[in-house]
Amino acid sequence: MSKPDIHADDYALTLNTSKDMLECMRAGRLDSISIVPNMSCFEACMELFYGAIPGLPFLPLLSVHLDFVEGRSLAGREKTPGLTKPDSDLMGLGWGGLFAASYLPHKRKTIKAQLKCEIKAQLAKAQGAVKKCMEIAAGSGVPCGQKGLRIDSHQHAHMIPVVWEALLEVVREEGYPLEYIRNSKEVLGVFMTEVSLYRTYRPVNFVKNRLLSLYSHKADRFCKANGMRQMYLWGLVMSGRMDRERIEKLYGKMQRKAKRDGRTLEILFHPGITLPEEVTPEIAKEAAEDFYMRQDRHVEKEAVLGVKW
């Protein structure tokens, strides 16, 4: 049975989040990570990463963590007025607004054009940093298996129809050699096999699972058409509580399901915690209190460092 892809989201969300993730990387416990490009701490977090690379056992695969729900518009408010808050370059449309725009003909065209501007800016900034990481790794003799562009997104927003369409157009127009795009497709049935865990799941995460499943078919078709191996994601139903005990109960079943279906299993963690003093207007207050600053993130970090795959 092949090893899964152990992945961590949110590098460069805050400095402390990044430090926690670097600890996992130094231990050789992360196969891949995602980098948020549109926070003001981005440069400081990347400098920290650049300095750490020569001491890493290997360079994890690096994805651009596109962000349209938090942070700042890198394209600028003039080009993205529909995505930002009034009189500000802070992102303001949110997941619900992007979802609604996908089904409102009078808004879809405008929002799609603005998304393309923002996607271009975020990809350019993040992928420039990714290339520098790869160059440092090569110069330091640190193994690195990445060759092209890898993409996922904050809160899986790239799965929303208008975002997905804008993203693929940008990738094609800019000529990026795309080697991976996350399909947020999580098998629900496996979670139902352990009755003892039923009360440990958050109902809202089942809603996320079902909604994203509706959009997963287009990602499957795209990956198949472009020679990318199809995948399952594990990290939606248990989002915020990817703890060691529940992972070990479900891991064998999840891996066997992926193997039977000929898919790669990506196990998603958020092992970095945000400190109270790091919460700025760039970060949604509710998200910070309910997720980014919770001790559950340390639970996920402990799982990354402790589970034997």
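Analyst: Searching the whole structure turns up 27 salt bridges. The term stands for a side-chain nitrogen of Lys or Arg within 4 Å of a carboxyl oxygen of Asp or Glu. Keep in mind that this is a predicted model, where local features need pLDDT of at least 70, side-chain atom pairs count only at pLDDT 80 or more, and totals for chains, interfaces and linings use all residues. Residues are numbered from 1 along each chain as its sequence is written, and side-chain values use heavy atoms, with hydrogens and water left out.

Let's start with glutamate 23 and lysine 301, a salt-bridged pair whose closest N and O atoms are 2.6 Å apart. This pair ties together distant parts of the chain: glutamate 23 sits in helix α1 (residues 15-26) and lysine 301 in helix α10 (residues 296-306), 278 residues apart. Helices here are DSSP runs (H or I, at least four residues), just as strands are (E, at least two), and they are numbered from the N terminus. How open are the two partners? Glutamate 23 is partly exposed, at a relative accessible area of 38%, while lysine 301 is buried at 10%. Those words have cut-offs: buried is under 20% relative accessible area, exposed is over 50%, and partly exposed is in between (1.4 Å probe, protein chains only).

Next, look at lysine 120 and glutamate 173, whose side chains meet in a salt bridge at 4.0 Å, N to O. Here too distant parts of the chain are linked, with lysine 120 in helix α4 and glutamate 173 in helix α5, 53 residues apart. Lysine 120 is partly exposed, with a relative accessible area of 34%, and glutamate 173 also counts as partly exposed, at 42%.

Aspartate 296 is buried, with a relative accessible area of 13%, whereas arginine 294 is partly exposed, at 34%.
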